[in-house]
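Hi,

Here is the structure I said I'd pass on.

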Amino acid sequence: MASDAAVSATPASWTGAPIAVVGIGADGWDGLGRAAREAVGDAEFLFGSARQLALVPPTVAARRMTWPSPLLPALPGLFERYSGARLCVLASGDPMFYGIGVTLARLLGPQALRVLPQPSSASLACARLGWALAETPVVSVVGRPLATVLPELADRRRLLVLSADEHTPQSLAQLLGRNGFGGSELTVLEQLGGSAERHRAGIAKQWEHPPGDPLNIVAITCASDPDQPRATRLPGLPDELFGGDGQLTKHEIRALTLAALAPAPGELLWDVGGGSGSIAIEWCRAHPGNRAVTFERLERRRRQISGNADALGVPHILVRGEVCAELAADSEIIAPDAIFVGGGLTQDGLLETCWAQLRPRGRLVANAVTAESESLLLSWSSAQGGVLRKFQIYRGEPLGSFTTWRPQLPVTQWSVVKTAAAFPAEG
């Protein structure tokens, strides 16, 4: 399987004949249909991993080409070199399911490909387990940190994990045990669809199976420990899940702030004045395709943001220094779909810089807890519109044998969409 993170979203121009992308399962050549066999047999050059190429009989005349390593940087030049030849690419199962087909479609455009899929490992796993494929989330840890599994965990939930190698099941069992899901049931399904297919099952905290076949997928039936804090994808995680020095947007205000930011799948957030990173972390947990850059002036807080992001399953958050200095040093920083300003509001030029960098129709949300920063938001609201809100949260706390309401600091929030009137017309 291939990660396409480094491949441009703008397809290159492909002038050759369509490239056959053939899915092949653990059952090898015998499992291919006529069209797939003909596509492989017609090729002059056959690309794939050593394992995939070994599944093709020696009677196939195509010259076999093992993928270079690292793969992604080599792909543009590789296909340019062979653009005049008949090409076939082998993939595991369904090439469009976390596979090389997705990478090639983004690199060359879908019109450059003729994709002939086999059942994916997820389809075969659900068929063996009797699970509904459409209702079963799948997380790939091929080329991705194992911690990306964490946001998907919830008591009694079922999910599949695409393993990187034979060591993934053991590492996954340990991850579950460290994060309050040690009672979860794991089923490792190896070489699905082939003659060497094997299943192994056990409880995460008691997992003692030795490493098996590197071609495997892990099914998890989640069971949370009774005292495990709930950590769902919905905003408003418990404050105690965030380590650090207490510089934190508290969970009630955090939930209201995320609602104002309104994350949509695949969007990019700038979290300015990151503190503990809670807003960026909750933004990225909202959907696996979401991205965030958090800007934080202090090195010790940058470290705590990275630690919190790892612990809460979104290690891909990019942590940088003070926003104005970072922009001055790097003009290639991608403009965001939304910006949250949670610190440094009164810094000269900060709001102006954020507003200028925000994409058209992007959202900006700023929270203020001092009179000076509140005054600034009032001024910006007068100039740019948007919505002003003020929140006062009270928490019940013991007072002797009674309960009293302890007020939190009131928070003024300004949220605004950068409309067409807020930026120059093109041309």
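Predicted model: local features only at pLDDT ≥ 70, side-chain atom pairs only at ≥ 80, totals over all residues.

First, the helix. H4 covers residues 100-108 and is mostly covered, with eight of its nine residues buried. Those are Ile-100, Gly-101, Val-102, Thr-103, Leu-104, Ala-105, Leu-107 and Leu-108. What packs over them? The cover on the buried residues of H4 includes strand S1 (19-24), helix H3 (75-81), strand S4 (87-92) and strand S5 (113-116).

Seven strands form an open sheet with mixed pairing, in the order S13-S12-S11-S14-S15-S19-S16. S13 (318-320) and S16 (387-391) are the edge strands; each has a single partner, so one side of each has no neighbour in the sheet. From one strand to the next, the twist averages 15°.

Within that sheet, S11 (residues 268-272) runs parallel to S12, and the two pair over five bridges. Leu-268 sits opposite Arg-291 of S12.

Is Thr-294 buried or exposed? It counts as buried, because its relative accessibility is 0%. The Thr-294 side chain reaches the backbone oxygen of Asp-271 at 3.3 Å. Leaving out residues up to four places away in sequence, Thr-294 touches Asp-271, Gly-274, Ala-280, Ile-305, Ile-317, Leu-318, Val-319 and Arg-320.

Cheers

Definitions and conventions:
Residues numbered from 1 in each chain as written. Heavy atoms only, no water. Buried < 20%, exposed > 50% of the residue type's maximum accessible area, 1.4 Å probe, protein only. Helix = DSSP H or I, 4+ residues; strand = E, 2+ residues; numbered from the N terminus. Contact = heavy atoms within 4.5 Å. Polar contact = N/O pair within 3.5 Å; in protein donor to acceptor, adjacent residues only side chain to side chain. Pairing = 2+ DSSP bridges. Axes fitted to C-alpha atoms, helices over the stretch in contact; angles between N-to-C directions.
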